Amino acid sequence: MTSRPPTPATRDSRASQTLRVAAWAGFVVLGTAGAWFGSLALLPWELGYIQDPAAGVEQGPPMPWQFLVCGILLLGIAVVTSWNRCWPTVLLLPASLTLAWSVTVSGSDESGLWWVGAAYMALGSLVGTLVVLGVTRFARPEHALPRSSFRGGTSVSQSS
């Protein structure tokens with residue numbers, strides 16, 4: 001059995017597919033980091049904590065709407081990417097979010113417990129991403145699903 005070298009059309013199609021996946025991966029990674037750091041920039045003070053001069057203590061956690069804005073942006077990134085059939089790149093979202101969160105928190109954590117928060121951030125964002133992928137997969141119209149190369153090109157979701 002001899003193997004044939006790939007034809008120019010096959011090479012072009014592989015190159016365009018690689019470029020498409022790289023573009024979606026860049027969109028997910030940069031969009032996720034932008035959503036996190038952009039939502040931090042919405043606050044006029046350092047992460048929402050205010051120094052009380054009378055008591056000498058910090059007060060107030062980050063504002064809830066900051067996380068709501070970040071969550072809406074991340075949901076949009078996950079839905080748009082998975083709707084456009086580039087779901088493997090959506091799996092970069094949890095890692096990107098955890099890295100962006102860790103960069104922000106690790107510098108100001110004196111207890112060293114930011115690793116625990118990073119683990120929770122990674123697990124929570126992974127579960128959320130998988131839920132969005134599942135919902136998007138079943139919400140997409142039947143005609144938009146990819147065709148299987150088996151059974152004469154029938155739809156992937158049709159059962160025998």
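Patches are made of residues with over 30% relative accessible area and no salt bridge, with like charges joined within 9 Å and nonpolar side chains (Val, Leu, Ile, Met, Phe, Trp, Tyr) joined within 5 Å. A salt bridge is a side-chain nitrogen of Lys or Arg within 4 Å of a carboxyl oxygen of Asp or Glu, and accessible areas come from the Shrake-Rupley method with a 1.4 Å probe, only the protein chains shown counting as cover for residues. On these terms, Leu42, Trp65, Leu68 and Ile72 make a nonpolar surface patch of about 410 Å².

The structure is a predicted model, in which local features need pLDDT of at least 70 and side-chain atom pairs count only at pLDDT 80 or more, while totals for chains, interfaces and linings use all residues. Residues are numbered from 1 along each chain as its sequence is written, and side-chain values use heavy atoms, with hydrogens and water left out.

The chain contains five helices and two strands; helices (H or I, at least four residues) and strands (E, at least two) are DSSP runs numbered from the N terminus. Their order along the sequence is α-β-β-α-α-α-α. The chain has 160 residues, of which 25% count as buried. Buried means under 20% relative accessible area, exposed over 50%, and partly exposed in between (1.4 Å probe, protein chains only).

Helix 2 comprises 20 residues, 64–83, and its end C-alpha atoms are 28 Å apart, which agrees with the 28 Å that it should span at 1.5 Å a residue. The expected span of a helix is 1.5 Å times one less than its number of residues. The buried residues in helix 2 are Gln66, Cys70, Leu74, Ile77, Ala78, Thr81 and Ser82. Seen down the axis of helix 2, the buried residues fall within an arc of 115 degrees, so they line one face of the helix. The arc is that of the directions from the helix axis to the C-beta atoms. Pro64, Leu68 and Ile72 are exposed and sit on the face of helix 2 turned away from its buried side. Leu68 and Ile72 also belong to the nonpolar patch. Just after helix 2, Arg85 has a positive phi of about 60 degrees.

Leu74, in helix 2, has 10% relative accessibility and counts as buried. Its C-alpha atom is separated by 6.7 Å from that of Ala35, 39 residues apart along the chain. Gly76, also in helix 2, counts as partly exposed at 32% relative accessibility. Gly76 and Val132 are 9.9 Å apart, C-alpha to C-alpha, and 56 residues apart in sequence.

Helix 4 (residues 92–106) has 15 residues and reaches 21 Å from its first C-alpha to its last, close to the 21 Å expected at 1.5 Å a residue. Its buried residues are Leu93, Pro94, Ser96, Leu97, Thr98, Ala100, Trp101, Ser102 and Thr104. Leu97 has 6% relative accessibility and counts as buried; its C-alpha atom and that of Ser125, 28 residues apart along the chain, are separated by 7.7 Å. Gly26, in helix 1, counts as partly exposed at 27% relative accessibility.

The unreviewed UniProt entry annotates residues 21–45, 65–83, 90–107 and 113–135 as "transmembrane region". UniProt positions are given in the numbering used here, feature names are shortened, and annotations may be inferred rather than shown by experiment. In the model, residues 65–83 are 100% helix and 0% strand, with end C-alpha atoms 26 Å apart. Residues 113–135 are 96% helix and 0% strand, and the end C-alpha atoms of this span are 34 Å apart.
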